[in-house]
Amino acid sequence: MATPTAPKLGDLERDVMDRLWGAAEPRSVRDVHAELSAERELAYTTIMTVLDRLTRKQLVSRTREGRAYLYSAVNSRAELTAEMMHDALSVDGLDRTAALVHFADRVTPEEAAALARALERVQHHDEGQPGS
Amino acid sequence: MTPLLLGLIGLLLAGPVPAVLGRSRWLLPTPRAGVVLWQSLALAAVLAIIGAGFATTVWMISNGQTGPFMVAAHVVVIGLTSIVVVRLAWASAQVALDTRARRRRHRDLVDVLGDRDGTEPGLRILAHDTPMAYCLPALGKNRVVVSAGALSCLAGPELEAVLAHEQAHVRARHDLVLEAFSALHTAFPRGVRSKEPLLQAQLMVEMLADDAARSRAGAGPLARALVALAGQSTPAGALGVAAGSVALRLERLAAPVHERRVRSAAAYMLAVAVLVLPTVFLAVPWMIDAWALLS
């Protein structure tokens, strides 16, 4: 279990992305660090590591500005959300790879009605059993 | 005759046998044995076709003078073997790389877009109204993703059933089973292959995860969760098969749990027989003959 005092890099990635999405212009490590460390204690090098990881994940791009690097989000939050939803909802049976294993595939309205009827049968049976 | 017989067995195991077995409901009560039987059928098909290729090559070398029909038949067998072997190697690599790349990107997105609720380390909640739940399996980096829409339409025990289901997938690495069947499906040429092994493997794996969820949260909550999440229609997609699979899963939940020892033992025996019998009756005698011929 992670202790709340030591946020993992993964948690920080999200916070750093939020800052970059909220910023009008590219930010330096110093900018991001200043903003985030107002809320909690964070090492400068930690922010540098997080930005580096995000760059490798192609979520963030960096440009050189004088002696420092400036970081900005490659895509807006809306663009990434659209990409993610498209990927999550493109359920195409055989062509679907095992990348995402869905709980239940989607159905047409008629099929949904049939499923609801089948559910009644399950519940009918289930009432006879003590709950676990 | 051996090469042609092996080739024929390979083709039967790749096409008609899965088609018949896929239509029967015989394996539905025993998904674990079912997955094993499907794996063994797939492996046997590949082995038979590879065996046929070897046998044909030896036959071509040792038999100089035979009718054109026999020669043509053997050329077809060798061709099929080469196609399957090359495609299988290619498809395995392709599917593995594609799957991992897609999953990695999706995980990166989920990590920066989703919320953690703090209870489960790999659980991410997406602020989206479409009810959905899925998992991204990976060694040490599993994610179970649930949308806000799903949370709002699932009661406590139903959510527990969904999470238990996804965690069963993740723990048992069901994705690796599916990956192998995807590769196999991609490897066999159109016309020879059957979509049944992959579809059936998908269904069996879901049923295995359902069993885990049922024992933790009960059949009723799991069934309600299934209907709640599947009952949302989407604009796109050919989904007849998928609907069928949810219906079959529901039907299974309506029946009381009892072990089908005899049936699963039969399925396991069949799985072994499918692998062993062609080897013993065809491959071994042929190897002995070939050895005698060539030495």
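**Exercise 1. The hairpin of chain A**

Determine how many bridges join β2(A) to β3(A) in this predicted model, and in which sense the two strands run.

*Solution.* Step 1. Strand β3 of chain A comprises residues 68-73, and six bridges connect β2(A) with it. Step 2. The two strands run antiparallel. Step 3. One pair of facing residues is A:Glu65 and A:Ala68, the latter in β3(A). Step 4. The connection is a hairpin, with two residues between β2(A) and β3(A). In its turn, A:Gly66 has a positive phi of about 65°.

**Exercise 2. The sheet of chain A**

State the order of the three strands in the open sheet of chain A, and identify the edge strands.

*Solution.* Step 1. β1(A) pairs with β3(A) over two bridges, in the antiparallel sense. Within this pairing, A:Arg27 has A:Tyr71 of β3(A) as its bridge partner. Step 2. β2(A) is likewise joined to β3(A), by six bridges. Step 3. The order in chain A is therefore β1-β3-β2, with antiparallel pairing. Step 4. β1 (27-28) and β2 (60-65) of chain A are the edge strands, as each pairs on one side only. Strands of a sheet pair through backbone hydrogen bonds, in either a parallel or an antiparallel manner.

**Exercise 3. Helix α1 of chain A and its surroundings**

Classify the packing of α1(A) against α3(A) as roughly parallel or roughly perpendicular, and describe the contact.

*Solution.* Step 1. Helix α1 (residues 9-22) and helix α3 (residues 44-56), both of chain A, pack at an angle of about 80° with their axes 10 Å apart. Step 2. Angles of 65 to 115 degrees count as roughly perpendicular, so α1(A) and α3(A) are roughly perpendicular to each other. Step 3. On the α1(A) side the contact is made by A:Leu9, A:Leu12, A:Glu13, A:Val16 and A:Met17. The α3(A) side contributes residues including A:Ile47, A:Val50, A:Leu51, A:Arg53 and A:Leu54. Step 4. Step 5. α1(A) also lies across β1, β2 and β3 of chain A, running at about 85° to β3(A).

**Exercise 4. The sheet with strands from both chains**

Explain why one side of β4(A) and one side of β1(B) are left without a neighbour in the sheet.

*Solution.* Step 1. The open sheet has four strands in the order β4(A)-β2(B)-β3(B)-β1(B), and its pairing is mixed. Step 2. β4 (101-102) of chain A and β1 of chain B stand at the edges with a single partner strand each, so one side of each has no neighbour in the sheet. Step 3. The partner of β4(A) is strand β2 (residues 133-136) of chain B, paired in the antiparallel sense over two bridges. Across this pairing, A:His102 has B:Tyr134 in β2(B) as its bridge partner.

**Exercise 5. Confidence**

Report the scores of the model, and locate where confidence in chain B is lowest and where it is highest.

*Solution.* Step 1. The model has an ipTM of 0.78 and a pTM of 0.81. Step 2. Chain B has a mean pLDDT of 84, with 94% of its residues at 70 or more. Step 3. The lowest confidence in chain B falls in helix α10 (residues 240-254), at a mean of 72, and the highest in strand β1 (residues 123-126), at 92. Step 4. Over residues 233-242 of chain B, pLDDT stays under 50. For that stretch the model has 22 contacts beyond four places in sequence.

Terms used: Residues are numbered from 1 along each chain as its sequence is written. Chains are lettered from A and ligands numbered from 1 in the order in which they are written. This is a predicted model: local features need pLDDT of at least 70, side-chain atom pairs count only at pLDDT 80 or more; totals for chains, interfaces and linings use all residues. Axes are lines fitted to C-alpha atoms, for helices over the stretch in contact, and angles run from 0 to 180 degrees between N-to-C directions. Angles under 35 degrees count as roughly parallel, over 145 as roughly antiparallel, 65 to 115 as roughly perpendicular and the rest as oblique. Two residues are in contact if their C-beta atoms, placed from the backbone, lie within 7 Å. pLDDT is the predictor's confidence in each residue, from 0 to 100.
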